[in-house]
Amino acid sequence: MKRLSILGSTGSIGKSTLSIVEQFPQRYSVAALACGRNVDEAFAQAVRWHPKIVSMASEELAGELTARLRQTGVSEIHVVYGSEGTVACSTLPEADFVVSAIVGVAGLEATHAAILAGKPVGLANKECMVAAGEILTQAARRRNVPILPIDSEHNAVHQCMRVGAHSEVKTIWLTASGGPFRQAPLEQFESITPEQALKHPTWVMGRRITVDSATLLNKGLEVIEACRLFDVQPSQVRVTVHPQSTVHSLVEYVDGSILAQISVTDMRLPILYALAYPERPASSLTFDLATLRHLDFEEPDFARFPCLRLAFEAAEKGGAHCIALNAADEVAVEAFLERRIPFMGIPRTIEKVLASTPEAHPATIAEVLAADRETRQMARALLA
Ligand code: MG
C-alpha cells in the first residue's frame, strides 16, 4: 500500500489522482492533502479520504475547516496552513509518495522538502522544474529519489527513455497540439481575445495553462522541463506540432530509431504511471488504435509563436532566465485576461523582461523565490 501526500488536491490533477486512489483502493491510500482555498472541496475530500493532515492556504481557512470537521464528528484530522503546512504535508513521515500538483512556484518549497526527505515525487508542476530544475534534480540525484513526470509529454519521454541508455538519446521530440491558433494568420494575432484563447482544442485545463498553450509558451516551459528532467541540452529537444495529441512525445536514438508513446488523452494515465512506477497496473484507460486514421506532424512556426523562441533562448542561458520566463509570462497572461494588453503583448512583455534579466544561477530555493518576486515586480512595472 502506497500512502500518498497530494499537494494541490482540489485542482484538476489532484482530483484525477484521487480518482485513481478510488479505482485502486488496494494499492493507494491518502496520508496528506494540501488544498489551498477551497474549503468546501477540502472538507469533502477530508471526510471521504481521512488523511492524517490537511493543509489550507491560510490560518482563517484552516480554522473554518477544523470547525466543520468537528461539527461532523471528525476530530482526528490535523489541519495546518500556509507554506509551512504544505511542507508538513510533503514531508509527513507516514507518506510514501508525494504528488506535486500545486500550480506555480507556490509548490516549490514543499516539492524540494519532499525530495530532501527522500520521498519519490510525481511532478505535475512544471513551473517547479523551470524555476529550480537544477536544484531539484541535483537533490534528487544525491538522495537517489525518483522524480516521475506527470506532465503528459514528459511522462511519454520517461516511458520511451526506459528502453535505451541516456548516452544513446539523440533528440527528445515534444509534441504540441498547436493550440487554437495553429492555422490562424499572423495578422489576426493582435486581436485574439481572452475568450478565443481560453478554448483549447484537445485538453481541458486551468486558465493560465490554456493561454500558455495558445501562445506555445507552455511548450517552451516543457522544453526547459525536459532539459532538467532528462539532463539533455536544449539543442537535443525539438518541438513538433501534432494536432491529434495522440502521440504524447517521442525519443529519437542515435541509431535512428524513434520511439513514441500513444495513449488516450486523459491525465489519469500519466498519474497512474507515476504512482505505480516501475509497475504497470491493468487499467480501463484504453485507446482504440483501430479507429486511428491520421497522425500529422508539422514544424512549429516561430514567427507566429515567439514565446517558443524565447523559451529556447532562456533554456540556453538557464538559471535566472528560466525563472524570469515563467514569472513574466504569468504576469503577462494575467494582464491579457484582464484585457490590459493584447495577445501578442504576452511575448513582447516576456522579451523585454528577459532582456533586462542578468545571467545568474540561484543556488537555493530562497534565491529562486527572490528572483521570481523581482521578475514579477519588473513585469508589473513594465505593464503599469
Ligand atoms: Mg504538457
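Biologist: In β11, which residue is the bridge partner of Glu252?

Modeller: This is a predicted model, in which local features need pLDDT of at least 70, side-chain atom pairs count only at pLDDT 80 or more, and totals for chains, interfaces and linings use all residues. Residues are numbered from 1 along each chain as its sequence is written, and side-chain values use heavy atoms, with hydrogens and water left out. Strand β10 covers residues 247-253 and strand β11 covers residues 258-262. Within β11, the bridge partner of Glu252 is Ile258.

Biologist: In which sense do β10 and β11 pair, and over how many bridges?

Modeller: Two strands pair if DSSP finds at least two bridges between them; strands (E, at least two residues) and helices (H or I, at least four) are DSSP runs, numbered from the N terminus. For β10 and β11 the sense is antiparallel, and the number of bridges is 5.

Biologist: Which residue in the turn of the β10 and β11 hairpin has a positive phi?

Modeller: The hairpin leaves 4 residues between β10 and β11. A positive phi of about 105 degrees occurs in this turn, at Gly256.

Biologist: In β6, what is the bridge partner of Ser100?

Modeller: Strand β5 (residues 97-100) and strand β6 (residues 121-123) pair in the parallel sense over 3 bridges. For Ser100, the bridge partner in β6 is Leu123.

Biologist: Which residues are the protein donors of the magnesium ion?

Modeller: Donors are N, O and S atoms within 2.8 Å of the metal (3.2 Å for Na, K and Ca); water is not among the atoms, so sites may look incomplete. The protein donors lie 2.1 to 2.2 Å from the magnesium ion, one through OD and two through OE. They are Asp151, Glu153 and Glu222.

Biologist: How many residues apart in sequence are the parts that Asp151 and Glu222 tie together?

Modeller: The donor residues are spaced D-x1-E-x68-E. Asp151 sits in the loop between β7 (147-149) and α7 (152-161), whereas Glu222 belongs to helix α10 (residues 217-230). The pair therefore ties together parts whose separation in sequence, in residues, is 71.

Biologist: Are Asp151 and Glu222 buried or exposed?

Modeller: Buried means under 20% relative accessible area, exposed over 50%, and partly exposed in between (1.4 Å probe, protein chains only). Asp151 has a relative accessible area of 9%, and the value for Glu222 is 1%.
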